[in-house]
Amino acid sequence: MDAAPTSTTLAGPPGRPSKGWHRFANPGRFLRLTDRLLPWLWGLALVALVGGGLWGLVWSPPDWQQGETVRILYVHVPMAWLAMGGYVALGALSVISLVWRHPLADIAARELSPVGALVGALCLASGSIWGRPMWGTWWVWDARLTSVLVLFFFWAGHAALSRAFEDPERGGRAAAILALAGLVNLPIVKFSVDWWNTLHQPASVTRLAAPGLHVDILYPLLACTVAFSLLFAAVVLARVRAAVMERRVRSLEMAAARRLDTAS
Amino acid sequence: MIALLERELRLALRTPGDSLGAVLFFILVAALFPFGVGPEPAALARLAPGALVAAMLLAALLPLDRMFGAEAEDGSLDLLLLSGVSPAGLAMVKAAGHWLTTAVPLLVAVPIAAAMLNLPIEAWGVAMLALGLATLVLSLLGTLGAALTLGARRGGVLLPLLVLPLAIPAVIFAAGAIEAQASGVSPRAFLLFLAAQAALLAPLMPLAAGAALRDA
(Lines give C-alpha, C1' and ligand atoms only; values in the text may rest on other atoms or scores of the structure.)
Protein backbone atom coordinates (compact mmCIF):
# COMPACT_ATOMS: atom_id res chain seq x y z
CA MET A 1 0.00 0.00 0.00
CA ASP A 2 2.89 2.35 -0.58
CA ALA A 3 1.71 5.56 -2.14
CA ALA A 4 3.46 5.91 -5.44
CA PRO A 5 5.01 9.35 -5.51
CA THR A 6 4.68 9.67 -9.26
CA SER A 7 1.28 10.69 -10.55
CA THR A 8 -0.74 7.76 -11.77
CA THR A 9 -2.87 9.94 -13.97
CA LEU A 10 0.09 10.12 -16.31
CA ALA A 11 -0.53 13.74 -17.11
CA GLY A 12 3.02 14.95 -17.44
CA PRO A 13 3.51 17.60 -14.78
CA PRO A 14 4.88 20.79 -16.29
CA GLY A 15 7.98 22.40 -14.92
CA ARG A 16 10.13 20.59 -12.34
CA PRO A 17 13.03 19.50 -14.54
CA SER A 18 14.25 16.05 -13.57
CA LYS A 19 17.81 14.87 -13.79
CA GLY A 20 19.57 12.16 -15.76
CA TRP A 21 17.73 9.40 -17.50
CA HIS A 22 14.86 9.66 -15.07
CA ARG A 23 13.41 12.39 -17.23
CA PHE A 24 12.54 9.75 -19.81
CA ALA A 25 10.14 8.32 -17.25
CA ASN A 26 7.91 11.33 -17.67
CA PRO A 27 5.04 10.02 -19.79
CA GLY A 28 4.41 13.41 -21.38
CA ARG A 29 8.01 13.66 -22.51
CA PHE A 30 7.87 10.04 -23.65
CA LEU A 31 4.86 10.78 -25.83
CA ARG A 32 6.46 13.89 -27.36
CA LEU A 33 9.74 12.07 -27.98
CA THR A 34 8.21 8.96 -29.52
CA ASP A 35 5.86 11.11 -31.57
CA ARG A 36 8.89 12.38 -33.48
CA LEU A 37 10.85 9.11 -33.27
CA LEU A 38 8.25 6.56 -34.32
CA PRO A 39 7.71 7.56 -37.98
CA TRP A 40 11.46 7.32 -38.52
CA LEU A 41 11.57 4.00 -36.75
CA TRP A 42 8.72 2.60 -38.81
CA GLY A 43 10.32 3.92 -41.99
CA LEU A 44 13.73 2.52 -41.19
CA ALA A 45 12.23 -0.81 -40.16
CA LEU A 46 10.30 -1.01 -43.40
CA VAL A 47 13.33 -0.17 -45.52
CA ALA A 48 15.53 -2.61 -43.61
CA LEU A 49 12.87 -5.30 -43.77
CA VAL A 50 12.43 -5.00 -47.52
CA GLY A 51 16.20 -4.79 -48.04
CA GLY A 52 17.06 -7.60 -45.63
CA GLY A 53 14.20 -9.70 -46.93
CA LEU A 54 15.27 -9.35 -50.54
CA TRP A 55 18.90 -9.95 -49.63
CA GLY A 56 18.13 -12.99 -47.55
CA LEU A 57 15.33 -14.51 -49.58
CA VAL A 58 16.36 -13.69 -53.14
CA TRP A 59 19.94 -12.52 -53.57
CA SER A 60 21.88 -14.61 -51.11
CA PRO A 61 23.01 -17.98 -52.43
CA PRO A 62 21.47 -21.21 -51.12
CA ASP A 63 23.60 -23.17 -48.69
CA TRP A 64 25.55 -26.04 -50.23
CA GLN A 65 24.29 -28.43 -47.56
CA GLN A 66 20.91 -27.09 -46.54
CA GLY A 67 19.84 -25.76 -49.91
CA GLU A 68 17.05 -23.21 -49.93
CA THR A 69 15.88 -24.03 -46.41
CA VAL A 70 18.75 -21.99 -45.01
CA ARG A 71 16.59 -18.95 -45.74
CA ILE A 72 14.31 -19.88 -42.86
CA LEU A 73 17.20 -19.00 -40.58
CA TYR A 74 17.03 -15.36 -41.69
CA VAL A 75 13.79 -15.20 -39.72
CA HIS A 76 14.58 -17.78 -37.07
CA VAL A 77 17.87 -16.43 -35.73
CA PRO A 78 16.75 -12.79 -35.32
CA MET A 79 13.64 -14.03 -33.51
CA ALA A 80 15.72 -16.10 -31.12
CA TRP A 81 18.04 -13.18 -30.40
CA LEU A 82 15.11 -10.83 -29.89
CA ALA A 83 13.36 -13.24 -27.56
CA MET A 84 16.47 -13.41 -25.38
CA GLY A 85 17.55 -9.77 -25.65
CA GLY A 86 13.98 -8.66 -25.05
CA TYR A 87 13.90 -10.66 -21.84
CA VAL A 88 16.93 -8.77 -20.58
CA ALA A 89 15.06 -5.54 -21.36
CA LEU A 90 12.07 -6.91 -19.46
CA GLY A 91 14.31 -7.60 -16.48
CA ALA A 92 15.69 -4.05 -16.62
CA LEU A 93 12.19 -2.58 -16.81
CA SER A 94 11.14 -4.73 -13.86
CA VAL A 95 14.02 -3.44 -11.75
CA ILE A 96 13.12 0.15 -12.67
CA SER A 97 9.50 -0.52 -11.85
CA LEU A 98 10.29 -2.09 -8.48
CA VAL A 99 12.99 0.34 -7.39
CA TRP A 100 11.81 3.69 -8.70
CA ARG A 101 8.13 2.87 -9.14
CA HIS A 102 7.97 4.54 -12.53
CA PRO A 103 4.52 3.81 -13.92
CA LEU A 104 5.94 4.08 -17.40
CA ALA A 105 8.23 1.10 -16.76
CA ASP A 106 5.19 -0.93 -15.69
CA ILE A 107 3.33 -0.03 -18.84
CA ALA A 108 6.36 -0.73 -21.02
CA ALA A 109 6.92 -4.15 -19.43
CA ARG A 110 3.24 -4.96 -19.81
CA GLU A 111 3.26 -4.00 -23.48
CA LEU A 112 6.60 -5.69 -24.12
CA SER A 113 5.67 -9.17 -22.96
CA PRO A 114 3.02 -10.09 -25.58
CA VAL A 115 5.42 -9.03 -28.32
CA GLY A 116 8.13 -11.08 -26.64
CA ALA A 117 5.83 -14.08 -26.45
CA LEU A 118 4.98 -13.66 -30.11
CA VAL A 119 8.65 -13.46 -31.06
CA GLY A 120 9.39 -16.56 -28.97
CA ALA A 121 6.54 -18.42 -30.63
CA LEU A 122 7.77 -17.39 -34.08
CA CYS A 123 11.26 -18.56 -33.16
CA LEU A 124 9.93 -21.96 -32.11
CA ALA A 125 7.64 -22.26 -35.13
CA SER A 126 10.26 -21.27 -37.70
CA GLY A 127 12.79 -23.55 -36.02
CA SER A 128 10.31 -26.38 -36.16
CA ILE A 129 9.62 -25.80 -39.84
CA TRP A 130 13.34 -25.72 -40.51
CA GLY A 131 13.92 -28.84 -38.42
CA ARG A 132 11.45 -30.92 -40.39
CA PRO A 133 13.47 -31.09 -43.64
CA MET A 134 16.88 -30.71 -41.94
CA TRP A 135 16.69 -32.99 -38.93
CA GLY A 136 13.75 -35.05 -40.12
CA THR A 137 11.61 -34.12 -37.14
CA TRP A 138 9.44 -31.23 -35.99
CA TRP A 139 10.71 -31.27 -32.46
CA VAL A 140 13.65 -32.66 -30.52
CA TRP A 141 14.07 -32.45 -26.77
CA ASP A 142 17.38 -30.84 -27.34
CA ALA A 143 18.82 -28.44 -24.77
CA ARG A 144 18.51 -25.40 -26.99
CA LEU A 145 14.94 -26.06 -28.00
CA THR A 146 13.81 -26.85 -24.50
CA SER A 147 15.30 -23.75 -22.98
CA VAL A 148 13.71 -21.54 -25.64
CA LEU A 149 10.39 -23.24 -24.93
CA VAL A 150 10.80 -22.39 -21.25
CA LEU A 151 11.67 -18.82 -22.19
CA PHE A 152 8.44 -18.68 -24.17
CA PHE A 153 6.52 -19.87 -21.10
CA PHE A 154 8.09 -17.07 -19.05
CA TRP A 155 7.02 -14.51 -21.64
CA ALA A 156 3.49 -15.87 -21.78
CA GLY A 157 3.25 -16.10 -17.99
CA HIS A 158 4.38 -12.49 -17.63
CA ALA A 159 1.86 -11.32 -20.20
CA ALA A 160 -0.92 -13.22 -18.44
CA LEU A 161 0.01 -12.15 -14.90
CA SER A 162 0.39 -8.46 -15.69
CA ARG A 163 -3.15 -8.46 -17.07
CA ALA A 164 -4.75 -10.60 -14.37
CA PHE A 165 -5.53 -7.89 -11.83
CA GLU A 166 -8.24 -5.26 -11.63
CA ASP A 167 -5.62 -2.83 -10.40
CA PRO A 168 -2.98 -2.42 -13.13
CA GLU A 169 -0.40 -1.23 -10.60
CA ARG A 170 -0.67 -4.45 -8.60
CA GLY A 171 -0.41 -6.44 -11.84
CA GLY A 172 2.69 -4.52 -12.85
CA ARG A 173 4.36 -5.10 -9.50
CA ALA A 174 3.54 -8.84 -9.45
CA ALA A 175 4.70 -9.27 -13.04
CA ALA A 176 7.94 -7.43 -12.27
CA ILE A 177 8.71 -9.82 -9.41
CA LEU A 178 7.91 -12.75 -11.69
CA ALA A 179 10.18 -11.40 -14.41
CA LEU A 180 13.05 -11.12 -11.94
CA ALA A 181 12.44 -14.63 -10.61
CA GLY A 182 12.49 -15.81 -14.21
CA LEU A 183 15.73 -13.92 -14.78
CA VAL A 184 17.32 -15.67 -11.79
CA ASN A 185 15.97 -19.01 -12.84
CA LEU A 186 16.74 -18.75 -16.53
CA PRO A 187 20.44 -19.72 -16.23
CA ILE A 188 19.43 -22.63 -13.99
CA VAL A 189 16.94 -23.83 -16.56
CA LYS A 190 19.45 -23.36 -19.34
CA PHE A 191 22.19 -25.33 -17.63
CA SER A 192 19.98 -27.99 -16.12
CA VAL A 193 18.62 -28.68 -19.56
CA ASP A 194 22.17 -28.88 -20.87
CA TRP A 195 23.12 -31.40 -18.21
CA TRP A 196 19.93 -33.31 -18.68
CA ASN A 197 20.67 -33.66 -22.35
CA THR A 198 24.26 -34.73 -22.00
CA LEU A 199 23.51 -37.06 -19.12
CA HIS A 200 20.49 -38.68 -20.60
CA GLN A 201 19.70 -38.31 -24.18
CA PRO A 202 22.02 -39.77 -26.76
CA ALA A 203 22.20 -37.45 -29.74
CA SER A 204 19.29 -38.72 -31.78
CA VAL A 205 19.85 -36.11 -34.41
CA THR A 206 23.22 -35.20 -35.79
CA ARG A 207 23.54 -31.55 -35.01
CA LEU A 208 25.38 -29.47 -37.52
CA ALA A 209 28.75 -28.87 -35.97
CA ALA A 210 28.56 -25.09 -35.66
CA PRO A 211 29.75 -24.05 -39.10
CA GLY A 212 31.59 -20.77 -39.37
CA LEU A 213 29.12 -18.67 -41.30
CA HIS A 214 30.20 -17.54 -44.71
CA VAL A 215 29.84 -13.81 -45.34
CA ASP A 216 27.26 -14.51 -48.04
CA ILE A 217 25.00 -15.78 -45.31
CA LEU A 218 26.28 -13.74 -42.38
CA TYR A 219 25.63 -10.30 -43.89
CA PRO A 220 22.01 -10.86 -44.91
CA LEU A 221 21.50 -12.45 -41.51
CA LEU A 222 22.80 -9.34 -39.79
CA ALA A 223 20.66 -7.16 -42.06
CA CYS A 224 17.58 -9.17 -41.13
CA THR A 225 18.51 -8.93 -37.47
CA VAL A 226 18.72 -5.15 -37.69
CA ALA A 227 15.43 -5.06 -39.57
CA PHE A 228 13.56 -7.21 -37.08
CA SER A 229 15.07 -5.36 -34.14
CA LEU A 230 13.86 -2.05 -35.57
CA LEU A 231 10.44 -3.55 -36.18
CA PHE A 232 10.35 -4.94 -32.65
CA ALA A 233 11.27 -1.57 -31.17
CA ALA A 234 8.69 0.21 -33.32
CA VAL A 235 5.91 -2.20 -32.39
CA VAL A 236 6.71 -2.04 -28.68
CA LEU A 237 6.98 1.76 -28.62
CA ALA A 238 3.71 2.09 -30.52
CA ARG A 239 2.02 -0.24 -28.04
CA VAL A 240 3.39 1.71 -25.08
CA ARG A 241 2.20 4.97 -26.63
CA ALA A 242 -1.26 3.53 -27.14
CA ALA A 243 -1.34 2.27 -23.55
CA VAL A 244 -0.23 5.63 -22.13
CA MET A 245 -2.88 7.44 -24.14
CA GLU A 246 -5.49 4.88 -23.13
CA ARG A 247 -4.71 5.54 -19.49
CA ARG A 248 -4.90 9.26 -20.06
CA VAL A 249 -8.27 8.93 -21.70
CA ARG A 250 -9.48 6.83 -18.80
CA SER A 251 -8.26 9.28 -16.18
CA LEU A 252 -9.85 12.17 -18.10
CA GLU A 253 -13.11 10.27 -18.26
CA MET A 254 -12.91 9.55 -14.55
CA ALA A 255 -12.26 13.23 -13.86
CA ALA A 256 -15.21 14.21 -16.02
CA ALA A 257 -17.42 11.71 -14.22
CA ARG A 258 -16.30 13.08 -10.86
CA ARG A 259 -17.09 16.63 -12.00
CA LEU A 260 -20.56 15.54 -13.04
CA ASP A 261 -20.94 13.87 -9.67
CA THR A 262 -20.10 16.97 -7.70
CA ALA A 263 -22.19 19.19 -9.98
CA SER A 264 -25.39 17.24 -9.46
CA MET B 1 7.39 -17.71 13.55
CA ILE B 2 7.27 -20.98 15.45
CA ALA B 3 3.78 -20.03 16.59
CA LEU B 4 2.81 -19.31 13.00
CA LEU B 5 4.10 -22.68 11.89
CA GLU B 6 2.18 -24.35 14.69
CA ARG B 7 -0.91 -22.52 13.53
CA GLU B 8 -0.40 -23.77 9.98
CA LEU B 9 -0.02 -27.35 11.16
CA ARG B 10 -3.02 -27.16 13.47
CA LEU B 11 -5.17 -25.73 10.68
CA ALA B 12 -4.08 -28.57 8.41
CA LEU B 13 -4.83 -31.17 11.09
CA ARG B 14 -8.31 -29.77 11.61
CA THR B 15 -9.08 -30.22 7.93
CA PRO B 16 -7.21 -33.39 6.96
CA GLY B 17 -9.38 -33.68 3.85
CA ASP B 18 -7.19 -31.23 1.94
CA SER B 19 -4.02 -33.25 2.35
CA LEU B 20 -5.85 -36.53 1.75
CA GLY B 21 -7.37 -35.12 -1.41
CA ALA B 22 -3.92 -34.30 -2.73
CA VAL B 23 -2.72 -37.83 -1.88
CA LEU B 24 -5.66 -39.42 -3.68
CA PHE B 25 -5.08 -37.17 -6.66
CA PHE B 26 -1.41 -38.23 -6.72
CA ILE B 27 -2.29 -41.93 -6.71
CA LEU B 28 -4.95 -41.41 -9.35
CA VAL B 29 -2.59 -39.59 -11.70
CA ALA B 30 -0.01 -42.34 -11.18
CA ALA B 31 -2.71 -44.90 -11.93
CA LEU B 32 -3.59 -43.16 -15.19
CA PHE B 33 -0.22 -43.98 -16.72
CA PRO B 34 -0.77 -47.76 -16.86
CA PHE B 35 -4.07 -47.10 -18.63
CA GLY B 36 -2.38 -44.83 -21.12
CA VAL B 37 0.78 -46.83 -21.77
CA GLY B 38 -0.57 -50.33 -21.26
CA PRO B 39 0.13 -52.64 -18.33
CA GLU B 40 3.47 -54.05 -19.54
CA PRO B 41 5.81 -54.06 -16.52
CA ALA B 42 8.92 -53.18 -18.51
CA ALA B 43 7.35 -50.20 -20.23
CA LEU B 44 5.94 -48.98 -16.91
CA ALA B 45 9.27 -49.28 -15.13
CA ARG B 46 10.89 -47.27 -17.89
CA LEU B 47 8.26 -44.55 -17.40
CA ALA B 48 8.04 -44.68 -13.62
CA PRO B 49 10.59 -42.01 -12.57
CA GLY B 50 9.16 -39.28 -14.77
CA ALA B 51 5.57 -40.25 -14.07
CA LEU B 52 6.16 -40.20 -10.31
CA VAL B 53 7.76 -36.76 -10.39
CA ALA B 54 5.10 -35.30 -12.67
CA ALA B 55 2.25 -36.73 -10.59
CA MET B 56 3.87 -35.55 -7.40
CA LEU B 57 4.36 -31.98 -8.57
CA LEU B 58 0.81 -31.75 -9.93
CA ALA B 59 -0.58 -33.03 -6.65
CA ALA B 60 1.56 -30.61 -4.65
CA LEU B 61 0.27 -27.73 -6.79
CA LEU B 62 -3.35 -28.39 -5.78
CA PRO B 63 -3.47 -26.62 -2.39
CA LEU B 64 -1.29 -23.72 -3.52
CA ASP B 65 -3.99 -21.43 -4.83
CA ARG B 66 -5.67 -21.39 -1.42
CA MET B 67 -2.39 -20.79 0.40
CA PHE B 68 -3.06 -17.11 1.00
CA GLY B 69 -6.56 -16.92 -0.45
CA ALA B 70 -8.63 -17.81 2.59
CA GLU B 71 -6.60 -15.58 4.87
CA ALA B 72 -6.76 -12.66 2.47
CA GLU B 73 -10.54 -12.99 2.37
CA ASP B 74 -11.18 -13.07 6.11
CA GLY B 75 -8.61 -10.38 6.77
CA SER B 76 -6.23 -12.43 8.89
CA LEU B 77 -3.50 -11.96 6.30
CA ASP B 78 -3.51 -8.21 6.96
CA LEU B 79 -3.29 -8.90 10.68
CA LEU B 80 -0.40 -11.30 10.15
CA LEU B 81 1.42 -8.72 8.09
CA LEU B 82 0.83 -6.12 10.82
CA SER B 83 1.93 -8.48 13.58
CA GLY B 84 5.60 -7.60 13.24
CA VAL B 85 6.64 -10.75 11.42
CA SER B 86 8.40 -9.70 8.23
CA PRO B 87 6.51 -10.63 5.03
CA ALA B 88 9.48 -12.74 3.97
CA GLY B 89 9.30 -14.62 7.28
CA LEU B 90 5.60 -15.19 6.76
CA ALA B 91 6.28 -16.53 3.26
CA MET B 92 8.98 -18.81 4.66
CA VAL B 93 6.55 -20.20 7.22
CA LYS B 94 3.94 -20.69 4.53
CA ALA B 95 6.41 -22.60 2.35
CA ALA B 96 7.45 -24.79 5.27
CA GLY B 97 3.80 -25.34 6.16
CA HIS B 98 2.97 -26.33 2.61
CA TRP B 99 5.84 -28.78 2.53
CA LEU B 100 4.93 -30.34 5.88
CA THR B 101 1.20 -30.57 5.29
CA THR B 102 1.11 -31.51 1.61
CA ALA B 103 4.44 -32.95 0.57
CA VAL B 104 4.98 -35.21 3.60
CA PRO B 105 1.66 -37.05 3.18
CA LEU B 106 2.45 -37.37 -0.51
CA LEU B 107 5.85 -38.84 0.31
CA VAL B 108 4.18 -41.45 2.48
CA ALA B 109 2.12 -42.44 -0.53
CA VAL B 110 5.14 -42.73 -2.83
CA PRO B 111 5.64 -46.48 -2.25
CA ILE B 112 2.04 -47.16 -3.30
CA ALA B 113 2.42 -45.23 -6.53
CA ALA B 114 5.91 -46.69 -7.08
CA ALA B 115 4.52 -50.21 -6.75
CA MET B 116 1.74 -49.43 -9.20
CA LEU B 117 4.28 -48.16 -11.70
CA ASN B 118 6.54 -51.18 -11.16
CA LEU B 119 9.54 -49.15 -10.02
CA PRO B 120 12.29 -51.51 -8.72
CA ILE B 121 12.11 -51.67 -4.95
CA GLU B 122 15.79 -50.65 -4.54
CA ALA B 123 14.90 -47.24 -5.96
CA TRP B 124 12.05 -46.48 -3.53
CA GLY B 125 14.24 -44.91 -0.89
CA VAL B 126 15.99 -42.66 -3.39
CA ALA B 127 12.62 -41.86 -4.94
CA MET B 128 11.31 -40.59 -1.62
CA LEU B 129 14.47 -38.58 -0.99
CA ALA B 130 14.50 -37.06 -4.49
CA LEU B 131 10.78 -36.30 -4.39
CA GLY B 132 11.16 -34.79 -0.94
CA LEU B 133 13.76 -32.38 -2.27
CA ALA B 134 11.79 -31.68 -5.45
CA THR B 135 8.65 -30.85 -3.48
CA LEU B 136 10.72 -28.57 -1.27
CA VAL B 137 11.74 -26.67 -4.40
CA LEU B 138 8.12 -26.62 -5.50
CA SER B 139 6.90 -25.39 -2.10
CA LEU B 140 9.33 -22.48 -2.32
CA LEU B 141 8.43 -21.63 -5.92
CA GLY B 142 4.76 -22.20 -5.24
CA THR B 143 4.76 -19.76 -2.34
CA LEU B 144 6.04 -17.10 -4.71
CA GLY B 145 3.40 -18.10 -7.26
CA ALA B 146 0.65 -18.00 -4.67
CA ALA B 147 1.77 -14.59 -3.41
CA LEU B 148 1.96 -13.21 -6.94
CA THR B 149 -1.45 -14.43 -8.05
CA LEU B 150 -3.18 -13.45 -4.82
CA GLY B 151 -6.25 -11.48 -5.82
CA ALA B 152 -5.83 -12.13 -9.53
CA ARG B 153 -8.71 -13.07 -11.74
CA ARG B 154 -8.41 -16.78 -12.60
CA GLY B 155 -5.50 -17.02 -10.19
CA GLY B 156 -5.95 -20.77 -9.88
CA VAL B 157 -5.33 -21.25 -13.59
CA LEU B 158 -2.48 -18.77 -13.72
CA LEU B 159 -0.56 -20.28 -10.83
CA PRO B 160 0.50 -23.59 -12.43
CA LEU B 161 1.32 -21.65 -15.59
CA LEU B 162 3.83 -19.57 -13.65
CA VAL B 163 5.22 -22.21 -11.33
CA LEU B 164 5.65 -25.25 -13.57
CA PRO B 165 8.19 -23.76 -16.01
CA LEU B 166 10.25 -22.66 -13.01
CA ALA B 167 10.09 -26.19 -11.62
CA ILE B 168 11.53 -27.88 -14.71
CA PRO B 169 15.06 -28.22 -13.25
CA ALA B 170 13.64 -29.98 -10.20
CA VAL B 171 11.77 -32.41 -12.46
CA ILE B 172 14.89 -33.14 -14.48
CA PHE B 173 17.08 -33.91 -11.48
CA ALA B 174 14.49 -35.78 -9.44
CA ALA B 175 13.63 -38.06 -12.34
CA GLY B 176 17.33 -38.41 -13.08
CA ALA B 177 18.09 -39.49 -9.53
CA ILE B 178 15.34 -42.11 -9.49
CA GLU B 179 16.29 -43.43 -12.88
CA ALA B 180 19.97 -43.61 -11.95
CA GLN B 181 19.22 -45.61 -8.83
CA ALA B 182 16.82 -47.90 -10.72
CA SER B 183 19.49 -48.69 -13.29
CA GLY B 184 22.20 -49.21 -10.72
CA VAL B 185 24.14 -45.93 -11.04
CA SER B 186 24.86 -43.67 -8.10
CA PRO B 187 22.17 -40.96 -7.85
CA ARG B 188 24.46 -38.78 -5.73
CA ALA B 189 25.14 -36.09 -8.35
CA PHE B 190 21.44 -35.62 -9.11
CA LEU B 191 20.53 -35.43 -5.45
CA LEU B 192 23.26 -32.87 -4.83
CA PHE B 193 21.96 -30.71 -7.68
CA LEU B 194 18.46 -30.94 -6.24
CA ALA B 195 19.69 -29.99 -2.79
CA ALA B 196 21.65 -27.09 -4.30
CA GLN B 197 18.51 -25.80 -5.96
CA ALA B 198 16.56 -25.99 -2.73
CA ALA B 199 19.40 -24.25 -0.90
CA LEU B 200 19.53 -21.50 -3.52
CA LEU B 201 15.79 -20.91 -3.56
CA ALA B 202 15.29 -21.13 0.21
CA PRO B 203 16.51 -17.59 0.91
CA LEU B 204 15.48 -16.01 -2.43
CA MET B 205 11.90 -17.15 -2.90
CA PRO B 206 10.54 -16.04 0.51
CA LEU B 207 12.09 -12.61 -0.08
CA ALA B 208 10.38 -12.30 -3.46
CA ALA B 209 7.11 -13.70 -2.11
CA GLY B 210 7.29 -11.28 0.80
CA ALA B 211 7.70 -8.38 -1.61
CA ALA B 212 4.66 -9.62 -3.52
CA LEU B 213 2.62 -9.98 -0.30
CA ARG B 214 3.37 -6.44 0.75
CA ASP B 215 1.77 -5.19 -2.47
CA ALA B 216 -1.23 -7.46 -2.28
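Colleague: How many residues does the contact take from chain A and from chain B, and what makes a residue part of it?

Modeller: In this predicted model, the contact takes 30 residues from chain A and 28 residues from chain B; contact means heavy atoms within 4.5 Å, so a residue belongs to it because of that distance.

Colleague: How much area do chain A and chain B bury between them, and why is this called buried?

Modeller: Chain A and chain B bury about 2,500 Å² between them, with 73% of it on carbon and sulfur atoms. The area is called buried because it is the accessible area that two parts lose on being put together, summed over both.

Colleague: Which elements of chain A give two or more residues to the side that touches chain B?

Modeller: Those elements are helix 4 and helix 5 of chain A, and the largest share, 17 residues, comes from helix 5 of chain A. The residues on this side of chain A divide into 19 nonpolar, 5 polar and 6 charged.

Colleague: How many salt bridges and how many polar contacts does the rule find across the interface of chain A and chain B?

Modeller: Across the interface the rule finds 0 salt bridges, whereas it finds 3 residue pairs in polar contact, both residues being at pLDDT 80 or more. Over all chains, the count comes to 11 salt bridges.

Colleague: Why is the pair A:D35 and A:R241 called a salt bridge?

Modeller: The side chains of A:D35 and A:R241 meet at 3.6 Å, N to O, and the rule asks for a side-chain nitrogen of Lys or Arg within 4 Å of a carboxyl oxygen of Asp or Glu, so the pair qualifies. A:D35 lies in helix 1 (residues 27–59) of chain A and A:R241 in helix 6 (residues 215–263) of chain A, so the pair ties together parts that are 206 residues apart in sequence.

Colleague: What lines the second largest cavity, and how much space lies in it?

Modeller: About 60 Å³ of space lies in the second largest cavity, and its lining includes A:Y87, A:F153, B:L161 and B:P165. Helix 9 of chain B gives the most to this lining, with 4 residues, and the lining residues divide into 8 nonpolar, 2 polar and no charged.

Definitions and conventions. Residues are numbered from 1 along each chain as its sequence is written. Chains are lettered from A and ligands numbered from 1 in the order in which they are written. This is a predicted model: local features need pLDDT of at least 70, side-chain atom pairs count only at pLDDT 80 or more; totals for chains, interfaces and linings use all residues. Side-chain values use heavy atoms; hydrogens and water are left out. On a 1 Å grid over the protein atoms alone, a cavity is a set of points where a 1.4 Å probe fits but cannot get out, and a pocket is an open set with protein on both sides within 12 Å along at least five of seven lines; lining residues have an atom within 4 Å of a point. Grid points are joined across faces, edges and corners, and a volume is the space filled by probe spheres set on the points. Ala, Val, Leu, Ile, Met, Phe, Trp, Tyr, Cys and Pro count as nonpolar, Asp, Glu, Lys and Arg as charged, and the others, Gly among them, as polar. Buried area is the accessible area (1.4 Å probe) that two parts lose on being put together, summed over both. A polar contact is a pair of N or O atoms within 3.5 Å; within protein, one must be able to donate a hydrogen and the other to accept it, and residues adjacent in sequence count only if both atoms are side-chain atoms.
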